[in-house]
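Hi,

Here is the structure I promised to pass on. Have a look at it first, and then read my notes below.

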Amino acid sequence: MTINDTTGVFEEAGGVLRSKGYSMMASFLELQVIGFKKSWISSTGLTLFAPVDQAMTINSGNFSNYASLFFRHLVPCKILWSDLIAFDDGVQLKTLLNGFKMNVTRSGEVLMLNGVEFVSLDLYYSDWLAVHGLRRVLPAPPERPKQVAAHDNGEFESVKISIDRGAC
């Protein structure tokens, strides 16, 4: 896979998402082209759980949360709808936001992630990318303080958010 192949898939997926009411997540996805390693994409793939644009507008004014918002909807492996419905109730999926997991649950016939229902299945898929539509944005993880007291002498230790690139 070349970087041009990667770019083409992101652009194609972005076009499909825009045509179906997922413009904001399409933009996030297209902006990530450089950030994803070619070897990582080809070995594990990606799955994006994209909230509809109407749900995204609530978060559109807070630029500082965009990375967290995008990475908590992205799983470092390709999962088709047929894979999702085969999961047992309570299965957890790692996301690219360190420490944030998606919990797959069922309410009768309805499959949900962290209590959020799906609205579109297999919106887009390629050899290494799958995209599914969600009714709402996944709830944000509890806020971590930017700094926490580390010592009695008044010094502070930074708290860092990192991206977990482990398998599902």
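**What I found**

With 11% relative accessibility, Phe-118 counts as buried (buried is under 20% relative accessible area, exposed is over 50% and partly exposed is in between, using a 1.4 Å probe and protein chains only). I start there because Phe-118 counts as buried at that value, and several of the notes below come back to this residue.

A word on the basis of all this: the model is predicted, so local features need pLDDT of at least 70 and side-chain atom pairs count only at pLDDT 80 or more, while totals for chains, interfaces and linings use all residues. Residues are numbered from 1 along each chain as its sequence is written, and side-chain values use heavy atoms, with hydrogens and water left out.

**The overall picture**

The protein chain has 6 helices and 9 strands (helices are DSSP runs of H or I with at least four residues, strands are runs of E with at least two, and both are numbered from the N terminus). Of its 168 residues, 39% are buried. Take the contacts between residues at least 6 apart in sequence: 61% of them join residues at least 24 apart (contact means heavy atoms within 4.5 Å).

How many aromatic pairs does a search of the whole structure find? It finds 3 (rings of Phe, Tyr and Trp, the last by its six-membered ring, pair if their centres lie within 6.5 Å; planes under 30 degrees apart are stacked, over 60 edge-to-face, and the rest tilted). In one of them, Phe-49 and Phe-118 have ring centres 6.0 Å apart and planes at 70°, so this pair is edge-to-face. It links distant parts of the chain, as Phe-49 is in strand β1 (residues 46–51) and Phe-118 is in strand β6 (residues 116–125), 69 residues apart. Phe-49 and Phe-118 are both buried.

Trp-81 also forms an edge-to-face pair with Phe-118, at 5.0 Å centre to centre and with 70° between the planes. Here too distant parts of the chain are linked: Trp-81 belongs to helix α6 (residues 81–84) and Phe-118 to strand β6, 37 residues apart. Trp-81 has 18% relative accessibility, so it counts as buried. Together, ring pairs link Phe-49, Trp-81 and Phe-118 into a cluster.

The largest nonpolar core has 44 residues, and Leu-48 and Leu-129 touch the most other members (a nonpolar core is a set of buried Ala, Val, Leu, Ile, Met, Phe, Trp, Tyr and Cys residues joined through side-chain atoms within 4.5 Å). Setting aside neighbours within four places in sequence, Leu-129 is in contact with Val-9, Ala-13, Leu-29, Leu-46, Lys-78 and Tyr-124.

Leu-29 turns up again in helix α2 (residues 23–31), where Met-25, Ala-26, Phe-28 and Leu-29 are buried. Seen down the axis of α2, the buried residues fall within an arc of 160°, so they line one face of the helix (the arc is that of the directions from the helix axis to the C-beta atoms).

Strands β4 (residues 101–107) and β5 (residues 110–113) pair in the antiparallel sense over 4 bridges (two strands pair if DSSP finds at least two bridges between them). Arg-106 has Leu-111 in β5 as its bridge partner. The two strands form a hairpin with 2 residues between them, and Gly-108 in the turn has a positive phi of about 65°.

β5 and β6 pair in the antiparallel sense as well, over 2 bridges, and Met-112 stands opposite Glu-117 in β6. This is another hairpin with 2 residues between the strands, and Asn-114 in its turn has a positive phi of about 50°.

**The salt bridge**

Which side chains meet in a salt bridge? Those of Arg-135 and Glu-117 do, at 3.6 Å from N to O (a salt bridge is a side-chain nitrogen of Lys or Arg within 4 Å of a carboxyl oxygen of Asp or Glu). The pair links distant parts of the chain, with Arg-135 in the loop between β7 (129–134) and β8 (147–149) and Glu-117 in strand β6, 18 residues apart. Arg-135 is partly exposed, at a relative accessible area of 43%, and Glu-117 counts as partly exposed at 32% relative accessibility. The structure holds 1 salt bridge.

Cheers
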